[in-house]
Amino acid sequence: MNAEGLYRLIHSLSPAQKTNFSNYLGAGKGRKSKFKLLYDRILKTKAYDDAKIRGKEFKNAAKFYQNREILLDKIIQSLVFFSEQRLSMRSYIGKAMELGAFDHARRRLASEIEKAQQEGDQDLLRYYY
C-alpha cells in the first residue's frame, strides 16, 4: 500500500478503531516508536501532504517505506484483535485483503507457505492453498 493509501486508510478508521489501535500498541508506555510517530503525523494532517508527514525523520525513502509497512501491519493486527475473530493467519490475510492491502497479504501468505514447506506441515499447506 502506498503512502497515500495508508493515509486514506487511517482517516477512514472509526474513532473506536483508532482508540483500539492506541490501546493495542500500549500507548504512552515506553519509548515512542517511529511507526507511531508516522501514525500521529498522518492523523494530524487534514489533507495528504507527503513533506509534512515525512518531516526530517523520514527523509530516507527506505525508512519511510519500512515504517509504513510496520504501521500497516500493526493496524491490521489491531483490527483483527479487536474484532470477533481470533488472531490467526487466515483472519489477518482476510482483513488485509478487505483493507486493500493486497501486496501485504500476498507477502504474508507467501511467507507462511514457505515456513510450512520448510517444516513439512502438509496439513497446513493444504489449508493455505
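In this predicted model, the charged end of Arg108 sits over the ring of Tyr92, at 4.3 Å from the ring centre.

**Pair Tyr7–Tyr48**

- Tyr7 and Tyr48 form an edge-to-face pair, with 5.7 Å from centre to centre and 70 degrees between the planes.
- Tyr7 belongs to helix α1 (residues 3-12), whereas Tyr48 lies in the loop between α3 (34-44) and α4 (50-54), so the pair ties together parts that are 41 residues apart in sequence.
- Tyr7 counts as buried because its relative accessibility of 8% falls under the 20% cut-off.
- Tyr48 has a relative accessible area of 27% and is therefore partly exposed.

**Pair Tyr24–Phe81**

- The ring centres of Tyr24 and Phe81 are 5.5 Å apart and their planes stand at 55 degrees, so this pair is tilted.
- Distant parts of the chain are linked by this pair: Tyr24 is in helix α2 (residues 15-25) and Phe81 in helix α5 (residues 61-81), 57 residues apart.
- Tyr24 is partly exposed, its relative accessible area being 24%.
- Phe81, at 47% relative accessibility, also counts as partly exposed.

**Ring cluster**

- Tyr24, Phe81 and Phe82 are linked into a cluster by ring pairs.

Technical notes: Residues numbered from 1 in each chain as written. Predicted model: local features only at pLDDT ≥ 70, side-chain atom pairs only at ≥ 80, totals over all residues. Heavy atoms only, no water. Phe/Tyr/Trp six-rings, centres within 6.5 Å; stacked < 30°, edge-to-face > 60°. Helix = DSSP H or I, 4+ residues; strand = E, 2+ residues; numbered from the N terminus. Buried < 20%, exposed > 50% of the residue type's maximum accessible area, 1.4 Å probe, protein only. Lys NZ or Arg CZ within 6 Å of the ring centre and 35° of its normal.
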